[in-house]
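Please read them alongside the coordinates.

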There are 2 protein chains.
Amino acid sequence: MRIGELAERAGTTTRTLRYYESRGLLPARRAGNGYRAYDEDDLRLVQQIRTLQDFGFELEETRPFVECLRAGHPAGDACPASLAVYRRKLGELDSLIEQLQAVRVQVGAQLARAELEAAAELPGGPEPRCELGG
Amino acid sequence: MRIGELAERAGTTTRTLRYYESRGLLPARRAGNGYRAYDEDDLRLVQQIRTLQDFGFELEETRPFVECLRAGHPAGDACPASLAVYRRKLGELDSLIEQLQAVRVQVGAQLARAELEAAAELPGGPEPRCELGG
DNA sequence: ACTTGCCTTGACGTCCGCGTAAAGGTCTAC
DNA sequence: GTAGACCTTTACGCGGACGTCAAGGCAAGT
């Protein structure tokens, strides 16, 4: 299979595949005419990369999975190095989610406060206060 | 106040302030010698930008807040356009968090499965199966 | 022979928020 | 008058994952 077909079957572009090759993730055999030649294993390899990319993994983080597949394992995550990446990613996801939730709370609070202050300005002057003492 | 002092008081760099100016967010008066001249209002403006940046807002998203401040309002979020940005950001945060949580679940599932399969290979061959029928 | 469609390499462009020189002007202190 | 600490503009670099030409080679159909 040539690069165009591999790209189409993997749901990506030839540019992306050449980029993977330039990063050492997808070495290609060459046909007599200089064209890159791929097989079904290469397709699985690209699919592995794409899946991880969809999860938000950086390209470098997919390397252990790729090397695991190329080592002959049936799955990219059959090797300890891949599992280590999974675990590290889980930690990163947890802290990122936590951080985003904190930001969400802060922004929500800012919005609520600003809406209150806006409502206090417009209606009929800042009359209807809620404080009793004063 | 000159750019160095403003940068220090705002906890940022002169490069950043010049960048804000280039984006039209922080116009500066000039002293006779060509130096940029800032006042306390400019400091508040920069602090507003930095706060939003810390929340993960893009620079463009801070523009309504900046314009609100420059319009004389006591707070950057005292204007409807700013509130709209808050609301949009809340939506983005929600969907992003949701998406990351979904990824977290997927990655966690992959890890669990891969760990199980690894455990089934190593110990004493794939003997201790859990399936009863077969 | 010619077109069409695939392939090749090389290299610059994109987005964002700056960092980091480089080359020079200005003000203050000594 | 000179060192030092400011300031000025201009402009290239970075990281990540490619997009997008440009110029040309190769294979197949008509």
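1. Helices here are DSSP runs (H or I, at least four residues), numbered from the N terminus.

2. This is a predicted model, in which local features need pLDDT of at least 70 and side-chain atom pairs count only at pLDDT 80 or more, while totals for chains, interfaces and linings use all residues. Residues are numbered from 1 along each chain as its sequence is written, and chains are lettered from A and ligands numbered from 1 in the order in which they are written.

3. DNA strand C is surrounded by 16 residues, the closest being A:Arg2, A:Gly4, A:Arg36, B:Thr16 and B:Asn33; near is C-beta, placed from the backbone, within 6 Å. By class, this surface has 4 nonpolar, 7 polar and 5 charged residues (nonpolar: Ala, Val, Leu, Ile, Met, Phe, Trp, Tyr, Cys and Pro; charged: Asp, Glu, Lys and Arg; polar: the others, Gly among them).

4. Chains A and B contribute 25 residues each to their contact (C-beta atoms, placed from the backbone, within 7 Å). On the side of chain A, 14 are nonpolar, 5 polar and 6 charged.

5. Within chain A, H3 (residues 40–54) and H4 (residues 59–70) pack at about 155°, with axes 10 Å apart; axes are lines fitted to C-alpha atoms over the stretch in contact, and angles run from 0 to 180 degrees between N-to-C directions. H3(A) and H4(A) are therefore roughly antiparallel (over 145 degrees). Their contact comprises 6 nonpolar, 2 polar and 2 charged residues.

Notes. Two residues are in contact if their C-beta atoms, placed from the backbone, lie within 7 Å. Helices (H or I, at least four residues) and strands (E, at least two) are DSSP runs, numbered from the N terminus. Angles under 35 degrees count as roughly parallel, over 145 as roughly antiparallel, 65 to 115 as roughly perpendicular and the rest as oblique.
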